[in-house]
Amino acid sequence: MRELLDLLVSLAFYGTAYGTVLYFLAVGLSVTLGLMRFINLAHGVFAMAGGYLTVTLMSRAEVPFLPSVAVAVVAVTAFGMLLERTLCRRFYSAPILDQVLFSIALIFMSIAIARYIYGPLAQPIELPAWLSGRISIGIGVFPAYRVFLIAIGLLLAVAIWFGIERSRFGASVRAAVDNRQMAESVGINVNRVFTICFGLGTGLAALGGSLGADLLPIHPAYPNDFLVYFLIVVAVAGMGNIGGAFAVALGFGIVDTIVRYYLPDLGRILMFLLVMAVLFRKPHGFAPRVHA
Amino acid sequence: MSVLDVRGLSKNFGSLEVTRNVSFALEEGARCALIGPNGAGKTTLLNLISGRLQPTAGTIRVAGRDVTRAPEAARVQAGLGRTFQITSLFRRLTVHENLALAVREHQGVARLLWPSRRVRARVDARVAGILTTLRLEADAQTPVEILPYGVQRMVELGVALALEPKLLLLDEPAAGVPRDDVGIIFDAIAQLPPSMAVLLIEHDIDVVFRFASRIAVLVAGAILVEGTPAEISQHAEVRALYLGESRHG
Amino acid sequence: MTKTRVLDAAVVVALVLYPLLLPGYLDLGTRMIVMALFAMSLDLLVGYCGLVTLGHAAFFGVGAYSAGILAIRASADPLTGLLAGGVAAAILGLLAGTVLLRSRRLTLIMLTLATVLIVQETANRMNWLTGGADGLQGIDMDPVLGRFAFDLFGRVGYVYAAAVLALGFLVFRAVVDSNFGKSLVGIRENEPRMRAIGAPVDTRLRIAFVMSAALAGIAGALQAQVTEFVSLNAVSVEFSGEILIMLILGGAGRRYGAFLGAPLYVFMQDYLAKEDPANWYLWIGAMLMAIVLFAPGGLTKWIGALVGRATHASPLPGRS
């Protein structure tokens, strides 16, 4: 009994760490979807870029882990904003097919570029000493790296929640999501809100990509291989349900980890069927539905 | 038997009550207008009747059939047609094809994979009839999106008429139309078949008083008063609340 | 109407001319035909219903595996195989369509991805039946109609595939020209309004989904028969993306998109990917980006506009 409990705690813990990384990857997409109605399937590209930058800074320039992550996040955020200003913007009111094709084009090109620079194999990340051990956190002894991931995830989820729900900028984001024209008419610079949100979203993806590099290995097909997982989080949480995305990401991470542990052969199939069942019952996910 | 019978209809969005215990009935050939200030819930009420929204409580009967929980398609079969405040058409298709889509659904031939010549001729004849009634013949082969907005509103009306509804819901049929073209639209509405029951949402009070034999005033989701135009124009609360302030729509 | 008749006939003429002009490239031509048939099935969903899917290979793959397994274990008759592939894919299409079509947009895309991943994983796990990662081998087809044996040069294979494509195109054009097809276009253009005029939108889409799945399954079966091999790649996300690109290259919802896009893609893949396989993805990505940014509507629209300008006819109403 005691052993089973330990096992479940441990599985839940690993699942939470995995879910946290998924949350980083998904939250930006959730925002761009809710705000700009822009289906950016290429969101994983920014996570991959963050991961590659971090790995490169650490291995080539011998920059320590955290500064590398910081530089990567800032660089990818800037790149994301630039991309939003120049290209993505053109697709906000485009048919969904064009948005998807634009994303696929980005994915294909980034896969080719990543393979050209780094080759087809995954890039290992050298975790610093303080993250490679195990530490005790009350309910047990766990790998420090994952504890760190979860802690950052919690902090960010709270920060994002406060940012959206309590800050002035958050208020203008929510206003723009609800009704763009109305927001513009009360003097909110919606274009600026879009650019900043897109940048923040890509920055969070980069953070997930680089911090999570030991969990989701950085390789050229990254934007493709993990696409379905962060889409699941966004779809199940429901459009623009940014708070819900955290709960769904953790929930998915935990259930997925447990299912795969007990049924390694069927785990993936079962998870997809489960997601289908949920969305069959609730086609709009768990978003509190807003009626216009 | 009433063409439309609404009883105790309510709709909440969370804690917000948008429609509150609304009851009314329309007989065959009724010309009823629904007026009320912005945000009173007029369009919500229309959406509840047409099935775009599900009510929280109450019942809706169309031509005697309880359609409270029925999908939109079933309501159309029961005899309901509607237009939208913001034009909702097949923008890249021609006027002819816009009307034909509705005619095919109404004639029950839209699902056919091998429609016979006779079936196609019957659709075309009906489309031609609507084009003539609304004087749209010249634009028949033009994609809707390049037509002037006033003409698009006529097509919007035409699509609803193609369903030959017993009950027609008109949501501000002249919204956004240049002042000069409004007359054409209301001329067309004045010439609707006399047996058709019509429920009109409209801001222009002059139009409402000319058109309607009954007027219902909706305030904060509930019907404040319902009566003939003469009764409504005498009603003190309505005058204070509504008539005085929004003559311009 | 006469214009479309001429162009429809041109499709058939091209199928006949290809082996006469390029007798040494029959295998390539056969591959083009299979991809055109598959892209055409996708067009029904993407082009005519306006539903975006990244999982259409699920139906192609199920058709291919069904036909291949049937040939190995029961009957190697090609036409029976085509039928089996089509029926198997249609059944999966009915199941998947019932679940998937409650959703739209991003959720629908995610569910189509999940569908193809489920099918791929299943095929991978059932390697006693499907050959798993090694692929399904040992398919040996009987002669077509009991008379025309598949030959080393791929002559029978080409003619067989061309005949199937021509028949498929007849079905496709009957569907898109029919009242049913026009109602699909109505749903694509304005789904809420179709509901408001009383159309049973969900039923229509489900029927179209099953039709599309069946056609994709037939394309898969054809591929299994003419190449005598089925790989796991036939049920992959990548392949689903590729077939979408083929269709877009030609133009979705424009009748001939599949016939222009698929052969061009297969041709480029044959050359570019051979010369420079590492950068193939880069080329494809760049080309796709160029189409989305500068030539929405694909080649058919582009050519249509050129021809339209030349003849001073009004350009086709575009689907961008």
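Predicted model: local features only at pLDDT ≥ 70, side-chain atom pairs only at ≥ 80, totals over all residues.
Going along the helix, the buried residues are A:Leu227, A:Val228, A:Tyr229, A:Phe230, A:Leu231, A:Ile232, A:Val233, A:Val234, A:Ala235, A:Val236 and A:Ala237. A:Gly238 then follows helix 11 of chain A, and its phi is positive, near 100°.

Helix 11 also turns up where chain A meets chain C. That contact takes 34 residues from chain A and 34 residues from chain C. On the chain A side, the elements giving two or more residues are helix 4 (96–118), helix 11 (227–237) and helix 13 (267–281). Helix 4 of chain A gives the most, with 15 residues. By class, the side of chain A that touches chain C splits into 29 nonpolar residues, one polar and four charged.

Chain C has a second contact to look at, this time with chain B. Here 20 residues come from chain C and 26 residues from chain B. Helix 7 (155–177), helix 8 (179–189) and helix 9 (191–196) of chain C each supply at least two residues to the side that touches chain B. The largest share of that side, six residues, comes from helix 8 of chain C. Its make-up by class is nine nonpolar, six polar and five charged residues.

Chain B itself comes in two parts: the domain assignment gives domain 1 (1–79 + 165–249) and domain 2 (90–162). Taken over C-alpha atoms, the centres of domain 1 and domain 2 of chain B are 26 Å apart. Where the two domains of chain B touch, 11 residues of domain 1 are in contact with seven residues of domain 2. Helix 6 (residues 179–190) of chain B brings the largest share of the domain 1 side, four residues. That side of domain 1 of chain B has nine nonpolar residues, one polar and one charged.

B:Asp5, for one, stands opposite B:Ala25 in strand 2 of chain B. Strand 1 and strand 2 of chain B form a hairpin with two residues between them, and B:Gly14 in the turn has a positive phi of about 65°.

As for confidence, the model scores ipTM 0.90 and pTM 0.91. Chain C has a mean pLDDT of 89, and 96% of its residues reach 70 or more. Residues 312–320 of chain C are another matter, with pLDDT below 50. Beyond near neighbours in sequence, this stretch of chain C has 19 contacts in the model.

Definitions and conventions: Residues numbered from 1 in each chain as written. Chains lettered and ligands numbered in written order. Nonpolar A, V, L, I, M, F, W, Y, C, P; charged D, E, K, R; others polar. Domains from an automatic or database assignment. Pairing = 2+ DSSP bridges. pLDDT = per-residue confidence, 0-100. Buried ≥ 20, exposed ≤ 12 C-beta atoms within 10 Å, placed from the backbone.
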